[in-house]
Amino acid sequence: MKRKYLYPLLLILVTIGFYYFEEYTGQGNFETYTDDKEDNPPKLSFFYLPTSTTGTIITHKHYSLSYSEKHEQAEWVAYHLKKEHLSSNDFKRPFFEVDKRVSTLSADWRNYKKSGYDRGHLCPAGDRRFSYKAFEETFLTSNVTPQNHEFNSGIWNDLERKVRYWAKLYNGVYVVTGGVLSNDLKTIGYEAVSVPKYFYKIILSTSADRPKIIAFLMEAKNSKASLKEFVVSVDRVEALTGIDFFPKLEDDIEATLEASASRQGWKF
């Protein structure tokens, strides 16, 4: 082959190679990281990821998310919380940073400044205290959403602690959480970050012979009610969000579990 044709061909091959490398290591339904001996990150199982209504799935070392550019936040964040992940490490709180794996970049933290809303974590920093790198990763702005302070520090925090309790009790759980995103939401900041009126959290346990699921749907306001009052069926959350949660479960198991709003099998 003549040299004048060889160099352009090599350039095309290198470009294609970089494209697929970026595609498989930044977005898409692929397991994209390897073991880090220092950090020992958990292995995310993409078998348990929900569907994405935006087509933008971002995979980090310690959680995955589906980003909504329209609402400038994740429509869901999913992660595996293992019993051995639970830790009381008291790390210094890092600064919030934009998520560079989002092609348009996630919303700047300054959108929240003087907005009256907390930068509420979706994957809680408290679930990722087993290493500083994992803890720090939760401070990407793709993992935060505007939340009323009383809600964030109150009933929502109670639910996050309950999930950690279940992770210990049931030897790990899979968690999917997010705000209910719709077209009628108020926004904050110069990038128009949507403020969800409702938040959901869905927990899957596979420790027993048969999987079990429990889902919560909460209005984003302070409440003194019991967590039990917020239990709903997964089907209800799917109807509100358009997301199919745990689509890889066997159809008969998925249909039965997602239609139920039972608290049976979950110790409160």
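Buried means under 20% relative accessible area, exposed means over 50%, and partly exposed lies in between (1.4 Å probe, protein chains only). This is a predicted model, in which local features need pLDDT of at least 70, side-chain atom pairs count only at pLDDT 80 or more, and totals for chains, interfaces and linings use all residues. Residues are numbered from 1 along each chain as its sequence is written, and side-chain values use heavy atoms, with hydrogens and water left out.

**Exercise 1. Salt bridges**

Take a salt bridge as a side-chain nitrogen of Lys or Arg within 4 Å of a carboxyl oxygen of Asp or Glu. State how many there are, and describe the pair Arg161 and Asp158.

Solution. 
- Step 1. The rule gives 5 salt bridges.
- Step 2. In the pair of Arg161 with Asp158, the closest N and O atoms are 2.6 Å apart.
- Step 3. Both residues lie in helix α4, 3 residues apart, so about one helical turn separates them. Helices here are DSSP runs (H or I, at least four residues) and strands likewise (E, at least two), numbered from the N terminus.
- Step 4. Arg161 has a relative accessible area of 47% and is partly exposed; Asp158, at 28%, is also partly exposed.

**Exercise 2. A link across the chain**

Find where the partners Asp127 and Arg164 sit, and decide whether each is buried or exposed.

Solution. 
- Step 1. Asp127 and Arg164 form a salt bridge whose closest N and O atoms are 2.6 Å apart.
- Step 2. The two are 37 residues apart and link distant parts of the chain: Asp127 is in the loop between β4 (118-121) and α2 (132-137), and Arg164 is in helix α4 (residues 155-169).
- Step 3. Asp127 is buried at 2% relative accessibility, and Arg164 is buried at 19%.
- Step 4. Leaving aside residues up to four places away in sequence, Arg164 touches Leu81, Leu86, Pro124, Gly126 and Asp127. Contact means heavy atoms within 4.5 Å.

**Exercise 3. The sheet**

Give the strand order of the open sheet, and explain which strands stand at the edges.

Solution. 
- Step 1. The sheet has 7 strands in the order β1-β2-β3-β6-β9-β10-β11, with antiparallel pairing.
- Step 2. β1 (57-59) and β11 (231-232) are the edge strands; each has a single partner strand, so one side of each lacks a neighbour in the sheet.
- Step 3. Two strands pair if DSSP finds at least two bridges between them; β1 and β2 (residues 64-68) have 3 bridges, in the antiparallel sense.
- Step 4. Thr59 has Ser64 of β2 as its bridge partner.

**Exercise 4. Helix α5**

Which residues of helix α5 are buried, and what do they pack against?

Solution. 
- Step 1. In α5 (residues 234-241), the residues Val234, Val237, Glu238 and Thr241 are buried.
- Step 2. Their arc around the axis is only 100°, so they lie on the same side of α5. The arc is taken from the directions from the helix axis to the C-beta atoms.
- Step 3. The buried residues of α5 pack against β9 (198-205), β10 (212-219), β11 and α6 (251-259).

**Exercise 5. The largest nonpolar core**

Solution. 
- Step 1. A nonpolar core is a set of buried Ala, Val, Leu, Ile, Met, Phe, Trp, Tyr and Cys residues joined through side-chain atoms within 4.5 Å.
- Step 2. The largest one has 42 residues, of which Val77, Trp166, Val173, Ile203, Phe216 and Met218 touch the most other members.
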